[in-house]
Amino acid sequence: MAFPEKIGRYTIKAELGRGGMATVYHAFDPSFDREVAIKLLPREMMHDPQFRVRFEREIKMVAALEHPFIVPVYDVGDVDGQPYFVMRYMAGGSLSNLIEQGKVSIEDTARIIERIAQGLAYSHKKGIIHRDLKPDNILFDENDNPFISDFGIAKLKEAGGGLTGSGVIGTPAYMSPEQAQGSGDIDSRTDVYGLGVIIYQMLSGQQPYSADTPMGVVVKHITEPVPEILKLLPELPPEADAIIKTAMAKDREKRYPNTIELAKAMNKLAFGKEGDLTFGTDPSLKSRSEKITAQSPRVKTGVLIAGGVLLLSVLGVFLLRNQLFAPDPLSASDPPPSEAPAWTAASSPTATEQPAISFAPFCAEDVAFSVPQAQATNMVCTAKRPYTSVAITEGSTFEVLHPDGTCRIEATSRGNHVLSCTGPDFLVMELKVCNPPALSNDDLSQCSADATFNSENQCCVPVPPEDAGCIVIEVRLRGCN
Ligand SMILES: Nc1ncnc2c1ncn2[C@@H]1O[C@H](COP(=O)(O)OP(=O)(O)OP(=O)(O)O)[C@@H](O)[C@H]1O
Ligand SMILES: [Mg+2]
């Protein structure tokens, strides 16, 4: 795969992989004679000057997280306006890779969670919530010690999405109900939930919720009770089920109050004692720990009876909160975006050549067709299939120009459709999106025989341009297998 030779002073050795929004490279830093990993973010993110300010502020906060169980960020910069940051190279792969090899024992799960929980407790103390905990973001060094990576990235994604109007959903499989519902008031307990999902997946080898589409998974996190891991694995001690259910309680008041308490419960289950979890923990956490024990949470029955109406409103809130769309669809009076390939009737006959009065006038040279809005947003994996969401204006038609790709309308909100596009891993497909037809031959009486009526601008077009009112965008799928 082609990759740049250099990024800043760093020599690129290989591409490590692509996530939902960035490409990560293995590189060499000649200044310090060491291997590093470089995350290169999308160029579009820097288009808004405000994003640069946010990016620098956010990445500084992340770089200030100095903890033995957090992947350190060494440097930040941009190449020709494309932002990147440099971090420690983690040679041991990710927790996803480990889970792919099979289920993880209770003991190993407890050991990994113990470290991750302490790194999280430290960042929570500093006011930083991870918000995108998942096995892909737990990386191992060459000695198989786990570290948390991608702190603050969820927030950056959100900022970038909000400013560009594209928006990002996040990672549905690990998202707490309050995060999925768009609560503005997310606290560190969203990370307790994420850890609970990870424990479920480590012990069972599969995610707790699966559905055909990312949106389906999100809805299950909000509405479905936590699945019983004992149904899958009856040989597990019942406490494992209680721990997962407490960590993943829909009501965050019923969760462990912090990640340390969750790790202690896992240690107790695995080794019969809570262990000493003192790296970066707040002393006040200790006093709270005595009060908390793992207990079977009672999922509110009200949650279970959420009907279609509630579900729709939840989805609506979810979509709004996550800024999946541009703030407002183009209204009829809005000018087309300047970068849009607007067609103009450049070859229109002059006024003197215009036909008799009974016909509409020919389009003036500067008459343009409005261009549809279409924006690919987040890329996720659900049930091992890649999905990319695309926001288009409601009423626009769409067509996938690739035999292996499909897109379907997943939801509609604020005058926009969200399309869920899928196909084989890493597929790059073209999607043609058109405004409702502005050119029509139906109303023949409006124009002379050799012209077509442009209903949008109420004038005649001599040569109907191919694809007027349409755009073609590239939709990329990520790799899941
Ligand atoms: N510091 C690192 N050292 C070594 N490999 C890394 C490092 N950071 C990321 N990677 C690898 O690079 C690939 C892409 O990572 P990235 O964080 O972009 O994606 P992700 O975590 O799967 O998704 P998301 O963008 O939703 O967080 C993954 O395979 C990951 O394991
Ligand atoms: Mg990551």
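The largest nonpolar core here has 78 residues, in a model that is predicted rather than experimental. A nonpolar core means a set of buried Ala, Val, Leu, Ile, Met, Phe, Trp, Tyr and Cys residues joined through C-beta atoms within 7 Å; buried means that 20 or more other C-beta atoms, placed from the backbone, lie within 10 Å of a residue's own. Ala-117, Leu-195, Ile-199, Ala-247 and Met-266 have the most contacts inside this core. Helix α6 (residues 189-204) is its top contributor, giving nine residues; helices are DSSP runs of H or I with at least four residues, strands are E runs of at least two, and both are numbered from the N terminus. Domain 1 (6-88) and domain 2 (95-280) each supply at least three residues to the core, with bounds from an automatic or database domain assignment.

Take a look at Leu-195. Leaving out residues up to four places away in sequence, Leu-195 touches Ile-113, Ile-116, Ala-117, Leu-133, Ala-247, Thr-259 and Leu-262 (C-beta atoms, placed from the backbone, within 7 Å). There's also a second, separate core of 20 residues, Tyr-387, Phe-398, Val-475 and Leu-477 among them.

Now for the ligand. Ligand 1 has 23 residues around it, and the closest are Gly-17, Gly-19, Gly-20, Val-24 and Ala-37 (a residue counts if its C-beta atom, placed from the backbone, lies within 6 Å). β2 (10-18) and β6 (82-88) are the elements that give two or more residues to this shell, and β2 gives the most, with three. Because domain 1 (6-88) and domain 2 (95-280) both give residues to the shell, ligand 1 lies between them.

Residues are numbered from 1 along each chain as its sequence is written, while chains are lettered from A and ligands numbered from 1 in the order written. Local features need pLDDT of at least 70 and side-chain atom pairs count only at pLDDT 80 or more, but totals for chains, interfaces and linings use all residues.

Definitions and conventions: Buried ≥ 20, exposed ≤ 12 C-beta atoms within 10 Å, placed from the backbone. Contact = placed C-beta atoms within 7 Å.
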